[in-house]
Amino acid sequence: MAGQPKMISTADYHTAGEPFRIVLGGVRAPQGATILDKRDDAIARLDGIRKLLTLEPRGHADMYGCFVTEPDDAGADLGLIFFHREGFSTACGHGSIAAAVWAVTTGYAAPREDGTLVLDVPSGRVTCHLSDEAGHPRVRFVNVPSYLHARDVEVATAEGATRADIAYGGAFYAMVDAGSVGQQVTPAHLPRLIELSAQIKADILARHQLAGPEDDRVNGLYGVIFYDRLATEAGRIEERNVAVFADGQVDRSPCGSGTCARLATLHARGELGDGELVNRSVIGTVFTGRVAGTTTVAGYPAVIPEVAGTARLTGYHTFVAEPGDELPHGFLLPTTAADR
């Protein structure tokens, strides 16, 4: 007689088109004194679950999700450990939005008296301001302080040398004008942008040590953001971007933590001030962002970024791993040259 199958329940959302899978049951939550300790526990103990939920046949190459944990202390309402097809990330703006919508609509956590929900995530504490938009929660999250780490860094690509700004928004991003490598932020250009992102990431990591301002477990170059400037007006900048992260994974949303890094960069360059960034994704969805304040982090002038968006429920699922399944952790087939 075969043993009992393992069953894992999830709630699935999309935030501006980007998926987010919230683990509800069937898994012992990550353990530890702090959220970064819990992330360490997830890396050591739950990597097989991550693979099962993100890779085929139960997931796909661009899947994203989280484990829900206890917060560090009473100053927050819940904790989140983010994961994707390659591993466990330190920040996820679209995931923070989805988790906040899930928590308040299901009653897992109630907003505080000031209408906020506070999240502990590996990069720090995120405050979500909730409002009603046609009967559905809209979220403005205030992220960890974000800053421009390095400006106009020369990088080599197959399209020739270009320049990138490296900025921190809970994770490190390299930002490149798509036109500088002969591309545009459109679905048709995605295969080439994915290939170029791998070249840019390798070049930067070979020459730059990137570590978070408070804990060196927040490290490395998380992704490359390609952007097109669409409009510049008094008090408003509009761009279209795509973030390529992990090992060629593409963010369908405008990327929440990437938008924070972009706000820090535009502010440091003197282009944005206290105006609004309208950030469009490769599929046309929108996050709006602004600088809510300024501070200093690890000697860098930094901003307090605020990004707004919402998430929609796409389904509830119970995933099964039967004993004897020859693919217990799933698989991933290459879809582009960058995957091979």
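How do strands β8 and β9 pair, and over how many bridges? Select residues 146–155 for β8 and you will find that β8 and β9 pair in the antiparallel sense over six bridges. Strands here are DSSP runs (E, at least two residues), numbered from the N terminus, and two strands pair if DSSP finds at least two bridges between them.

A word on the model before moving on: it is predicted, with local features needing pLDDT of at least 70 and side-chain atom pairs counting only at pLDDT 80 or more, while totals for chains, interfaces and linings use all residues. Residues are numbered from 1 along each chain as its sequence is written, and side-chain values use heavy atoms, leaving out hydrogens and water.

Next, pick Leu148, which stands opposite Ala167 in β9. Then follow the hairpin that β8 and β9 form, with six residues between them. In its turn, click on Gly160, whose phi is positive at about 105°.

Now select residues 162–168, strand β9.

From β9, step across to strand β10, residues 172–177. β9 and β10 pair in the antiparallel sense over four bridges, and Tyr168 has Phe172 in β10 as its bridge partner. This hairpin has three residues between its strands, and Gly170 in the turn has a positive phi of about 105°.

Last stop: select Leu313, in strand β17 (residues 311–321). At 42% relative accessibility, Leu313 counts as partly exposed (between 20% and 50%).

Note on methods:
Buried means under 20% relative accessible area, exposed over 50%, partly exposed in between (1.4 Å probe, protein chains only).
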